[in-house]
Structure formats: structure tokens, C-alpha cells
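The points are grouped by topic.

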Amino acid sequence: MLLAWHLWLIAALILLLLELLGTGFFAFALGLAALVAMISALMGLEAAGQWFTFAIAAALIAPALKVLFRRLAPSRRSSALAGERGEREGELVQLENGEFRLKLEGDLFPVRSESNRPLLAGARVKVRRFDGITALID
């Protein structure tokens, strides 16, 4: 026999799994709200109280997570998609094996000079565009 808290737990697990599809933490927030509603069911609240608890928790958790994840997010990426043009500036770094990479927004990309100029470690360069994941400079 399924109790109300079982249903909330199942709903929470489904929502948390849906987050793996990339819902931008929307399903994650609802999954956490469902866990809060599960606790209210365990405390003996009636169905209306459980739904009210779920709604209030979702209304509080979703914006709080949005602020938290924007503040703590490791990437502040503003890069264009592959093949798109856009003026971005990065730094050339040389790996131990002698290859050069472009450091852009904390990531390293293969780099190629369209004019075949020599690459110098530490140089600031402008990216003309991306060809796949390779940054084309000059």
C-alpha cells in the first residue's frame, strides 16, 4: 500500500533524474520541493497541506538555486558556438609537449594561425572564429 510520502518520494526521484536531461535546475528545484512535501506528509499534513507545502517550497527553492548556482557556477562562458564569428581575446599557452593552446574563459582550445605567423607563449591574441573546437587567430 502506497502512502502519500511514498508518492512524494517517487515524484522527487523522477524529478531529480529528469534533471540529468538538462532542465537548467528547474526539475532539481521541483525535486527538492517534492522532498519537502514528503516531509510534510510524514508529519501528517493532509493532501491540501502537502500541495501547499510543495508550492511554497518550489517558489522559494527555485529562485534561491538560481541565485546560488549563478554565484557559484565555475563557468561564466560567453563564447560563440563553433563556426560563429565574434571578437574574443585569449592568451596563448605552450604545453609541455610543445603544442600551443588558446586559453579562453578558463578553457584551453587548439589554436591555428590563419596567416601562419609563429605562435608565442603568453601573447594576447584575438580569435577570429572557431573551426570546430580550433580557435583561428590573426
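Helix 2 comprises 17 residues and spans 25 Å from its first C-alpha to its last, close to the 24 Å expected at 1.5 Å a residue. The model is predicted.

Helix 2 and its surroundings
- Buried positions in helix 2 are Ala-27, Ala-29, Leu-30, Gly-31, Ala-33, Ala-34, Ala-37, Met-38, Ser-40 and Ala-41.
- These buried residues of helix 2 pack against helix 1 and helix 3.

Nonpolar cores
- The largest nonpolar core has 15 residues, of which Trp-8, Leu-30, Ala-33, Ala-34, Phe-54 and Ile-61 touch the most other members.
- Helix 1 (4-18), helix 2 (26-42) and helix 3 (47-72) each contribute at least two residues to this core, and helix 2 gives the most, with seven residues.
- Leaving aside residues up to four places away in sequence, Ala-34 touches Trp-8, Ala-11, Ala-12, Leu-15 and Phe-54.
- A second, separate core contains eleven residues, including Phe-100, Val-111, Phe-130 and Ile-137.

Positive phi in non-glycine residues
- Glu-105, in the loop between strand 2 (100-104) and strand 3 (107-113), has a positive phi near 55°.
- Glu-105 is partly exposed, at a relative accessible area of 34%.
- Asn-116 is not a glycine, yet its phi is positive at about 60°; this residue lies in the loop between strand 3 and strand 4 (124-131).
- Asn-116 counts as exposed because its relative accessibility is 70%, and exposed means over 50%.

Definitions and conventions
Residues numbered from 1 in each chain as written. Predicted model: local features only at pLDDT ≥ 70, side-chain atom pairs only at ≥ 80, totals over all residues. Heavy atoms only, no water. Core = buried A, V, L, I, M, F, W, Y, C linked by side-chain atoms within 4.5 Å. Buried < 20%, exposed > 50% of the residue type's maximum accessible area, 1.4 Å probe, protein only. Helix = DSSP H or I, 4+ residues; strand = E, 2+ residues; numbered from the N terminus. Contact = heavy atoms within 4.5 Å. Expected span 1.5 Å × (residues − 1).
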